[in-house]
Amino acid sequence: MLMNAQPEVAPVRATVGDVTVPNPLMTCRNVDVWYGDKQAIRSVSIDIARAQVLAMIGPSGCGKSTFLRCLNRMNDTIPSARVTGEIIFDGRDIQNKRQDVVQLRSRVGMVFQKPNPFPKSIFENVAYGPRIHGLAADRSELDEIVTESLKRAGLWEEVKDRLAQPGTSLSGGQQQRLCIARTLAVNPEVILMDEPCSALDPIATARIEDLIDELRQTYAIVIVTHSMQQAARVSQRTAYFHLGDLIEVGPTDKIFTNPSHKLTEDYITGRFG
Amino acid sequence: MNSTANRTSKQTQVLVARSLRRRYRSEFIFRALGVLAVSLGVLAVFGLFGKIIADGASVFRQSYVTLEIYYDPEIIDPEGGRAPEALATADYQALIKAALREKFPDVEGRANLRELYQLVSSGSFLSLQRAVVANPSLIGTRAQLTMPADDTVDMFVKGQVGRNAPVAERRLTDQQVAVVDRMTAAGILTMQLNREFLGNGDSRDPEQAGVRGALMGSLLTLGLTLLLSFPIGVAAAIYLEEFAARNRFTDLIEININNLAAVPSIVYGLLGLAVFIGLFGMPRSAPVVGSLVLTLLTLPTVIIASRSALKAVPPSIREAALGMGASQVQTVMHHVLPLALPGMLTGAIIGMARALGESAPLLMIGMVAFIVDVPQGLTDAATVLPVQVFLWSDLPERAFIARTSGAIIVLLVFLVVMNATAVYLRNRFEKRW
């Protein structure tokens, strides 16, 4: 009788599909995340491949953003958050206390949901990363990094004549590309994107998606998105999260055309979410 | 069942119109109350300022008597040795008396002459003494010298006491009034900028009393207070807000800081007396002790304002910086602090304005003493403007009424200049995001 007073905890649902990839860049095994007493993610295991876009989809509150933030330890900033399990990057567990988060974040860059340029000039926004990490020996090298990063983010033509203007004076889509340029300037290996287009109009979204497709040649990209069309357009691999469990992982075309799990199918076909 | 469903749209419109009337009425009442409240505030401010300016504006000009002084060697230095001791202790009052007798030869008799001498400020001999000690070659020469008239003359000339008022109230005899009229006619009694009020320290003679000492005291005290409380307050706020772990201990500290902001200021004075003067043996009446006490007093205000300024910085900026791989210190120094600085400056203004107006804690540490000399350093005995106001308001001479208000005007100007500087700085640092 007393046992019934306890809230029922559903058993962890096993992931359908192959979570591994050949020669992975990052390997996550049995990752759990708690916020205080509440478990946000349960035993998630997945590999992150090189030069490929992994899309993470799922209904609100399913833990996909939480998982994304584990990959560069942004959850450290939330005092109540606790992460367990293994996240191996370059042969080392990034959860290890000896892992320097500053170094980790220089290799795993992040683009946020809402464009958040620094309230400084466009130039300073892009130059900030190289400056703090000491990537440029002199001014001309810094200029080169900034120019190159803005070009790769497809923003150069629009801003080359007004680098001294504040980054916040740009339009929303331009601001988000500025944030991507800022991330590229540090030359990371992985770029995490947390719903990067949710605050943008369709045209700005299309430009970002084109950009993601280009960047995939060089970087491993993990993108969280609410738009299934976007996931289908930009990613090669898709992971479906549901209430803290990783339900299904697979090639994007398979997930969207022939999902194996009932929950994935329900979500894809718009029965909830 | 559902009454809305059974109504025609016209019936609904009638009901809406009725509720609209009610809404307009309550909106009108609310606005009227608001306008009333604002006008009351404006009226109070203007009434206060009007009264103070009406009382105090006259103090910035003062009656001066110009006399030809003969620096008589017989009086100053009868021995002729020019010994500094002799020069310093000579009877300079006698020189002024001689000049007055020379100017008004028809005034005779001891009593009448004494009345004549009373017309010139009794403290004027000090400026003669200073001049001669500094430059003994003056002895034997003649020079025009302008010195303040007595405060009774000043009030009479300014019309603050009536010509026909009783002598006891007028404080001038008929004969003195006649001499004052002759001085005015001769052009040797003139109104000039009140150099004594702006240039002197305190004095028992109203015409010699000035705010310079208190102003310097306030400047020294507040300067050091700002230098101490702003960096300490900002550092404490940054540590508590950005670095400290959230636990029982930091909660306790937070509660304590909030409580400290509400402690009556005189308690800080007692603390200063016991700790800084009693325990550390620092000098009494000194600006350095005053600023230490005021630092303690303003710290909670600065910390609380700085913390809320830090809280107001959008978390997205922190995430952006951390996501770029900035360390926590870099995030705070490069991004959070510049955005929070305007708010922190506002906190400092509020703290400094409070410190400027404080008198109670300074009474405890002896900054209430009668101090004639203008303080030159942080350890010289000094008083501050609000305490000077308090001191003068207590004195019996009527001329101190105007000086009290005059000191308040100086205090308000000080406050306005200080706040304007801070607002200017804040606007320069202000950035949009």
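**Entry 1: strands 4 and 5, chain A.** I looked up the pairing of strand 4 (residues 81-89) with strand 5 of chain A and found it antiparallel, over 2 bridges. Two strands count as paired if DSSP finds at least two bridges between them. Helices (H or I, at least four residues) and strands (E, at least two) are DSSP runs, numbered from the N terminus. A:Ile88 has A:Asp93 in strand 5 of chain A as its bridge partner.

I note that this is a predicted model, in which local features need pLDDT of at least 70 and side-chain atom pairs count only at pLDDT 80 or more, while totals for chains, interfaces and linings use all residues. Residues are numbered from 1 along each chain as its sequence is written, and chains are lettered from A and ligands numbered from 1 in the order in which they are written.

**Entry 2: the sheet of 4 strands.** I then read the strand order of this open sheet in chain A as 2-1-4-5, with antiparallel pairing. Strand 2 (38-48) and strand 5 (92-93) of chain A are at the edges with a single partner strand each, so one side of each has no neighbour in the sheet.

In strand 2 of chain A I checked A:Ser43. Its phi is near 45 degrees, a positive value in a residue other than glycine. Most residues other than glycine have a negative phi. A:Ser43 counts as partly exposed because it has 18 C-beta neighbours inside 10 Å. On this scale, with C-beta atoms placed from the backbone, a residue is buried if 20 or more other C-beta atoms lie within 10 Å of its own, exposed if 12 or fewer, and partly exposed in between.

**Entry 3: the sheet of 6 strands.** I found a second open sheet in chain A, of order 6-7-8-3-9-10 and mixed pairing. Its edge strands are strand 6 (108-111) and strand 10 (245-251) of chain A, each pairing on one side only. Neighbouring strands here are turned by 20 degrees against each other on average, direction ignored. Helix 6 (residues 172-184) of chain A packs on the sheet and touches strand 6 and strand 7 (190-194) of chain A; its direction makes about 170 degrees with that of strand 6 of chain A. For such angles, axes are lines fitted to C-alpha atoms, for helices over the stretch in contact, and values run from 0 to 180 degrees between N-to-C directions. Contact requires C-beta atoms, placed from the backbone, within 7 Å.

Strand 9 (residues 237-242) and strand 10 of chain A pair in the antiparallel sense over 6 bridges. There A:Phe241 stands opposite A:Leu246 of strand 10 of chain A.

In the loop between helix 6 and strand 7 of chain A I looked at A:Asn187. A:Asn187 is not a glycine, yet has a positive phi of about 55 degrees.

**Entry 4: contacts of A:Val190.** Leaving aside neighbours within four places in sequence, I find A:Val190 in contact with residues including A:Leu25, A:Ile48, A:Val108 and A:Val222.

**Entry 5: chains A and B.** I recorded 19 residues of chain A in contact with 17 residues of chain B. The largest share of the chain A side, 4 residues, comes from helix 3 of chain A.

**Entry 6: helix 19, chain B.** I listed the buried residues of helix 19 (residues 385-393) of chain B, among them B:Leu385, B:Gln388 and B:Trp392. Their cover includes helix 12 (212-243), helix 18 (360-364) and helix 20 (399-429) of chain B.

Key:
Two residues are in contact if their C-beta atoms, placed from the backbone, lie within 7 Å.
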